[in-house]
Each structure stands twice: as C-alpha cells, then as structure tokens.
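Take the points in any order you like, with the view open beside you.

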Amino acid sequence: QVQLVESGGGLVQAGDSLRLSCAASGRTGSTYAMGWFRQAPAKERECVAAISASGRNTYSADSVKGRFTISGDAAKSTVYLQMNSLKPEDTAVYYCAAVRRVLNNGNVYQEKESYVYWGQGTQVTVSS
C-alpha cells in the first residue's frame, strides 16, 4: 500500500512564500509521476503542477505559472511545490497525487483520473 504524506501548508499573507512537500512510502524502489492539485470550497479539484517520473518534464497551470515551481527527488519518491508571491485566490486544500511509472517515463499527467494515490491534503490560506 502506497501512502503519500504532505507537509508545509499554513496561513500566510499575500506575497509570502510556502513550500509544500510530499513523500511517497510503502513500495521500496518504486518511482512515480506526481502532481499537486488544489480544491477551494465549492470548486472542482484542479491540477496546479505535475512532474514526470523522470523529472525531466513538468506542467504548471496558467494561474500559477511564474509563481509556483514543482520539483522532485525520484530517489526519495518526494515532490515539492515552491509557491511564491501567494495570492488570496491560492487559498485551498492542496493535495499530492501519484501514479507509479518507470524511472525514464516522461509523461506528465494533469487529469486527476490519471492518479492512483492521494495524500490527505494540506490547507493553504493566504490572507490579503
């Protein structure tokens, strides 16, 4: 059983930065394509960033491009989301997601249906 453990959320002011981390555990030696999603109240869960298992390819949503950066450590099955210049509209529960792929797989997945494993979510609140 694969578990995703997220950390790094919190309450910040507009313009501040946060770094989210997500570590996958449970299957030694596995590698994953991973993504960060967020869900605000009464809104659909949306992908904000994703990274391939190889780490070579990434995706960022237009709403966060230039402000959020996804990176990963395949050896540790860990993914990070560096969030800079945070805005009140970034307020949401942020979820980490993963799907097992071989290390050289360069596919990036933006659809939540592509992911098998999900974290419990971490709240990010940005005050104005």
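1. A definition to begin with: a salt bridge here is a side-chain nitrogen of Lys or Arg within 4 Å of a carboxyl oxygen of Asp or Glu. By that rule the structure holds five salt bridges. Please keep in mind that this is a predicted model.

2. Let us start with Arg38, which has two of these partners to look at. Its side chain meets that of Glu46 in a salt bridge, with 2.8 Å from N to O. Arg38 also meets the side chain of Asp90, here with 2.9 Å from N to O. The second pair links distant parts of the chain: Arg38 belongs to strand E4, whereas Asp90 sits in the loop between E8 and E9, 52 residues apart.

3. Are Arg38 and Asp90 buried or exposed? Both are buried. Arg38 has a relative accessible area of 6%, and Asp90 has a relative accessibility of 1%. Buried means under 20% here, so Asp90 at 1% falls in that class. Glu46, by contrast, is partly exposed, with a relative accessible area of 34%.

4. Which residue forms a further salt bridge with Asp90? That residue is Arg67, and the closest N and O atoms of the pair are 2.7 Å apart. Again distant parts of the chain are linked: Asp90 lies in the loop between E8 and E9, and Arg67 in the loop between strand E6 (58–60) and E7, 23 residues apart. Arg67 is buried too, at a relative accessible area of 10%. Through shared partners, the salt bridges join Arg38, Glu46, Arg67 and Asp90 into one network.

5. Now to the strands. An open sheet of four strands runs in the order E1-E3-E8-E7, and its pairing is antiparallel. Strand E1 (3–7) and strand E7 (68–73) stand at the edges with a single partner strand each, so one side of each has no neighbour in the sheet. On average, and with direction ignored, neighbouring strands of this sheet are turned by 15° against each other.

6. Strands E7 and E8 (residues 78–83) run antiparallel and are joined by six bridges.

7. Strand E9 (residues 92–100) deserves a visit of its own. Seven of its nine residues are buried, so this strand is largely enclosed by the rest of the structure. E9 pairs with strand E4 (residues 32–39) in the antiparallel sense over eight bridges.

8. What other strands does E9 pair with? With strand E11 (residues 122–127), E9 forms three bridges in the antiparallel sense, and Tyr94 has Thr122 as its bridge partner in E11. With strand E10 (residues 117–118), E9 forms two bridges, again antiparallel. There, Ala97 has Trp118 of E10 as its bridge partner.

9. Finally, take a look at Arg101, found in the loop between E9 and E10. Arg101 counts as partly exposed, at 29% relative accessibility. Which residues does Arg101 touch, not counting those up to four places away in sequence? They are Thr31, Tyr32, Ala33, Ala53 and Tyr109. The C-alpha atoms of Arg101 and Ser54 are separated by 8.9 Å, while the two residues are 47 residues apart along the chain.

Terms used: Residues are numbered from 1 along each chain as its sequence is written. This is a predicted model: local features need pLDDT of at least 70, side-chain atom pairs count only at pLDDT 80 or more; totals for chains, interfaces and linings use all residues. Side-chain values use heavy atoms; hydrogens and water are left out. Two strands pair if DSSP finds at least two bridges between them. Axes are lines fitted to C-alpha atoms, for helices over the stretch in contact, and angles run from 0 to 180 degrees between N-to-C directions. Buried means under 20% relative accessible area, exposed over 50%, partly exposed in between (1.4 Å probe, protein chains only). Contact means heavy atoms within 4.5 Å.
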